[in-house]
Amino acid sequence: MIKENLAEVEKRIQAACDRAGRKREEVTLIAVSKTKPVSMIEEAMDAGIIEFGENKVQELSEKYDILPENLNWHLIGHLQRNKVKYIVDKVKMIHSVDSLRLAETISQEALKKNVVVSVLIEVNVAEEDTKYGVKCEEVENLIEQIAKLENVKIKGLMTIAPFVENPEQNRQYFRKLKQLSVDIKTKNKDNVSMSELSMGMTGDYEVAVEEGATMIRVGTGIFGGRNYNIV
Ligand SMILES: *Cc1c(COP(=O)(O)O)cnc(C)c1O
């Protein structure tokens, strides 16, 4: 099932790239394996996937310990400062940095482990009350503060768009995040790269790719629906 799902997702990414005149290599597919067993991750690995996303520190750590070292782990969910120490040396990227305090903790823990951690700034583009992330107006100032930290490297921006029936409704938010990233890039800030744009999930990744996503985070479309009650 996973293999077939991946083939379908792959086909749709390619089609979205074609529509937008983009190359397939510009988009990294992150398979979001939260709540899913190691056996399903192994199935995705057999189909060639090495980028995986988790939203909880403990679950990421457990899977990291069991699975091969060549996998790249992305922490995509809200991160508590007291848990940073468990994952700084395990993740390829933290997508959910939305405060200076969190970034400072990441830098301190990264220094202890002698690593530099790549991070994305989470932006609440749609300004939903229920979501983490900073407002568009706050991004530049936050980036300037975080850029001063030694063991953190800003790679770009991330957003979780609203849950909508019609993905077209989210196009405005993806476009706005892309524009924000372009605006910041033009300013050539020290220690800040705007090469990554993490946006788009199962319901709206095609629109996100059309609007410039370089990383899409797809869970349900690859692994099927999640049942939080039986975990
Ligand atoms: C769960 C999750 C996803 C994947 O969601 P699907 O709709 O299942 O593709 C993507 N991003 C974040 C931050 C998530 O928590």
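Student: Where is lysine 34 placed?

Tutor: Lysine 34 sits in the loop between strand S1 (28-32) and helix H2 (38-46). Helices (H or I, at least four residues) and strands (E, at least two) are DSSP runs, numbered from the N terminus. The model is predicted, so local features need pLDDT of at least 70 and side-chain atom pairs count only at pLDDT 80 or more, while totals for chains, interfaces and linings use all residues. Residues are numbered from 1 along each chain as its sequence is written, and side-chain values use heavy atoms, with hydrogens and water left out.

Student: Why is lysine 34 called buried?

Tutor: Its relative accessible area is 14%. Buried means under 20% relative accessible area, exposed over 50%, and partly exposed in between (1.4 Å probe, protein chains only). Lysine 34 is therefore buried.

Student: What does lysine 34 touch?

Tutor: Not counting residues up to four places away in sequence, lysine 34 touches Gly53, Glu54, Asn55, Glu59, Lys63, Arg226 and Tyr228. Contact means heavy atoms within 4.5 Å.

Student: What does UniProt list for Lys34?

Tutor: An unreviewed UniProt entry lists Lys34 under "modified residue: N6-(pyridoxal phosphate)lysine". UniProt positions are given in the numbering used here, feature names are shortened, and annotations may be inferred rather than shown by experiment.

Student: Which residues of helix H3 (residues 57-66) are buried?

Tutor: In H3, Val57, Glu59, Leu60, Ser61 and Lys63 are buried. The buried residues of H3 pack against H2, strand S2 (51-54) and strand S3 (72-75).

Student: What makes valine 218 buried?

Tutor: Valine 218 has a relative accessible area of 0%, so it is buried. Valine 218 lies in strand S8 (residues 215-218), and its contacts, not counting residues up to four places away in sequence, are Val9, Leu29, Ile30, Ala31, Val32, Thr202 and Tyr205.

Student: Why is strand S6 (residues 152-158) called largely enclosed?

Tutor: Because 5 of the 7 residues of S6 are buried. For S7, 6 of the 7 residues are buried, so S7 is also largely enclosed by the rest of the structure.

Student: How do you know that strand S5 (residues 117-122) and S6 pair?

Tutor: Two strands pair if DSSP finds at least two bridges between them. S5 and S6 have 6 bridges, in the parallel sense; serine 118, for one, has lysine 153 in S6 as its bridge partner. S6 and strand S7 (residues 192-198) pair in the parallel sense over 4 bridges.

Student: What makes the crossover from S6 to S7 right-handed?

Tutor: A crossover is right-handed if, with the strands pointing away from the viewer, the path from the first strand over the helix to the second runs clockwise. The chain from S6 through helix H6 (residues 171-186) to S7 is right-handed on that test. S5, helix H5 (residues 136-146) and S6 also make a right-handed β-α-β unit.
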